[in-house]
Amino acid sequence: VYVKLVQEIFPEKEYKTTGMRQEIERCRLCFELAQDGKSVAMVCSGDAGVYGMAAPIYELSAEYSDVEIEIIPGITAANSGAAVLGCPLNHDYCVISLSDLLTPWETIEKRLKAAIEGDFAIAIYNPSSKKRADYLQKACDILMEAGVEAHRACGYVENIGRDGTKATTCTISQLREAQVNMFTTVFIGNSRTRIIKGKLVTDRGYKI
């Protein structure tokens with residue numbers, strides 16, 4: 001998907017792709033092409049350093065010491081989605097992925113509980129998939145059991161920055177019943193987050 005988006009802008013470039021779960025093979029392919037004298041770009045969505053490919057590139061870099069690496073910053077979905085919704089991350093916040101492909105669910109659950117204990121606003125990545133259809137519901141249950149009130153202000157954005165961008169504000173009890181997909185980023189407000197004129201707003205404590 002990401003390569004197709006870039007191809008529209010740079011149709012003259014050479015493109016190489018690998019399938020899902022072939023991320024390490026993809027990284028090695030980049031290094032091998034670079035060793036052949038090419039300037040190579042590893043294409044990720046959002047920011048390469050946020051659930052992206054920057055870490056495995058650096059982890060493999062010892063095997064390819066003659067290759068120079070540069071990270072180009074991007075805009076992660078937490079920030080771009082927050083701008084669509086209003087300003088839900090305007091104070092301290094954390095980002096948590098619900099994908100248990102590389103992280104055990106027990107660890108994800110601990111992180112959700114810790115975020116609520118610290119009263120962080122939360123941006124949630126990978127909230128649902130065909131194999132994990134009930135994970136957002138499970139996360140909402142964990143948060144409410146940890147003390148989040150049913151009327152806590154929340155929201156979610158689908159297809160951020162692409163055709164068909166759709167933003168929704170709701171309470172966490174409504175969020176629990178929402179049907180979302182992998183192209184959706186979810187936002188859970190902290191105890192001070194409100195919905196103002198249809199926007200999700202977390203204040204910083206200024207006296208207004």
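Colleague: What makes Glu 109 and Lys 113 a salt bridge?

Modeller: In this predicted model, the closest N and O atoms of Glu 109 and Lys 113 are 3.3 Å apart. The cut-off is 4 Å between a side-chain nitrogen of Lys or Arg and a carboxyl oxygen of Asp or Glu, so the pair qualifies.

Colleague: Where do Glu 109 and Lys 113 lie?

Modeller: Both belong to helix α5, residues 105-117, and they are four residues apart, about one turn of the helix.

Colleague: Why is Glu 109 called partly exposed?

Modeller: Its relative accessible area is 25%. Buried means under 20% and exposed means over 50%, so a value in between is called partly exposed. Lys 113 gets the same label because its relative accessibility is 41%.

Colleague: How many salt bridges does the structure hold?

Modeller: Eight. One of them joins Lys 38 and Glu 14, with the closest N and O atoms 3.6 Å apart. This pair links distant parts of the chain: Lys 38 sits in the loop between α2 (23-35) and α3 (54-60), Glu 14 in the loop between α1 and α2, and they are 24 residues apart.

Colleague: What makes Arg 176 and Glu 177 a salt bridge?

Modeller: Their closest N and O atoms are 2.7 Å apart, which is within 4 Å, so they meet the definition. Arg 176 is partly exposed, at 24% relative accessible area. As for networks, salt bridges that share partners join Glu 14, Lys 16 and Lys 38 into one.

Colleague: Let's turn to a serine. Why is Ser 97 called buried?

Modeller: Ser 97 has 11% relative accessibility, and buried means under 20%, so the label follows. Ser 97 lies in strand β2, residues 93-97.

Colleague: What does the side chain of Ser 97 reach, and how do you know that the contact with Asn 126 is polar?

Modeller: The side chain of Ser 97 reaches the backbone nitrogen of Ser 99 at 3.1 Å. With the side chain of Asn 126 the distance is 2.8 Å. A polar contact needs N or O atoms within 3.5 Å, one able to donate a hydrogen and the other to accept it, so the Asn 126 pair counts.

Colleague: Which residues does Ser 97 touch, leaving out those up to four places away in sequence?

Modeller: Tyr 51, Ile 108, Tyr 125 and Asn 126.

Colleague: What makes strand β4 mostly covered?

Modeller: Five of the six residues in β4, residues 153-158, are buried.

Colleague: How do you know that β4 pairs with β5?

Modeller: Two strands pair if DSSP finds at least two bridges between them, and β4 and β5 (residues 166-171) have six, in the antiparallel sense. Ala 153 stands opposite Thr 171 in β5. β4 also pairs in the antiparallel sense with β6 (residues 184-188), over five bridges, with Glu 158 opposite Thr 184.

Colleague: Finally, the chain start. Why is Val 1 called exposed?

Modeller: Its relative accessibility is 61%, and exposed means over 50%, so Val 1 qualifies. Val 1 is in the segment before α1 (2-7). Together with Tyr 2, Leu 5, Met 182 and Phe 183, Val 1 makes a nonpolar surface patch of about 470 Å².

Technical notes
Residues are numbered from 1 along each chain as its sequence is written. This is a predicted model: local features need pLDDT of at least 70, side-chain atom pairs count only at pLDDT 80 or more; totals for chains, interfaces and linings use all residues. Side-chain values use heavy atoms; hydrogens and water are left out. Patches are made of residues with over 30% relative accessible area and no salt bridge: like charges are joined within 9 Å, nonpolar side chains (Val, Leu, Ile, Met, Phe, Trp, Tyr) within 5 Å. Accessible areas come from the Shrake-Rupley method with a 1.4 Å probe; for residues, only the protein chains shown count as cover. Helices (H or I, at least four residues) and strands (E, at least two) are DSSP runs, numbered from the N terminus. Buried means under 20% relative accessible area, exposed over 50%, partly exposed in between (1.4 Å probe, protein chains only). Contact means heavy atoms within 4.5 Å.
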